Amino acid sequence: YTLLNYVLDISIGVSLTHIYRYYALKANWNLLPIKKLLVRVIPSILVLAILYVLICNLKWYTFWTNIVDKNTSFIDAIIYWDPILLTGLRLMSIWILAYHLYHYYQKEVVTAKENAQLSILIKQTQLDNLSAQLNPHFLFNSLNSIKSLVIENPNVARRAIDLLSDLLRSSLYDKYKDLI
């Protein structure tokens, strides 16, 4: 009988919390801010605890009348709330708060990942912008240096033009590499 009672108590708790979960998902409570969520969660815990008490009392009434053959009034069985209400409040509070804390944590993890990706994207855009500004200056300065080399040392100027073209080619084709 103890094992049966234990299994029935677990079944009652799981059933009530699944009903709550279905309703909370349907009403999109996981998307609510904390304050609005608490306004809905606290009454839900009370309602679920009362339902837990009523169902457990029906379970005990059935046990006493059908198995033990004790004459128990249905009204007396239903209004017995003393330790069962506290148990129901404790169980429903723990489950519902754990459920919403888990979903809140998951939402925070997703937000943190999105923020990290945005930060990386901002940094990459800044680097690309800086690179776009540096490339014309670099090219302009290099061409001016080669221009002066053409008069002073034409062989070195040809070699500088070859090196500059190689550098520009690699920067065009390998611009997505982090290190060149």
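## Ser 44 and its surroundings

Leaving aside its neighbours within four places in sequence, Ser 44 is in contact (heavy atoms within 4.5 Å) with Tyr 20 and Trp 29. Ser 44 lies in helix 2, where helices are DSSP runs of H or I with at least four residues, numbered from the N terminus. With a relative accessible area of 13%, Ser 44 is buried, a word that means under 20% relative accessible area, as against over 50% for exposed and in between for partly exposed (1.4 Å probe, protein chains only).

## Basis of the model

This is a predicted model, in which local features need pLDDT of at least 70 and side-chain atom pairs count only at pLDDT 80 or more, while totals for chains, interfaces and linings use all residues. Residues are numbered from 1 along each chain as its sequence is written, and side-chain values use heavy atoms, with hydrogens and water left out.

## The salt bridge

A search of the whole structure finds one salt bridge, defined as a side-chain nitrogen of Lys or Arg within 4 Å of a carboxyl oxygen of Asp or Glu. It joins the side chains of Lys 59 and Asp 9 (2.5 Å, N to O). Lys 59 lies in helix 2 and Asp 9 in helix 1, so the pair ties together parts that are 50 residues apart in sequence. Lys 59 counts as buried at 13% relative accessibility, whereas Asp 9, at 22%, counts as partly exposed.

Key
Helix = DSSP H or I, 4+ residues; strand = E, 2+ residues; numbered from the N terminus.
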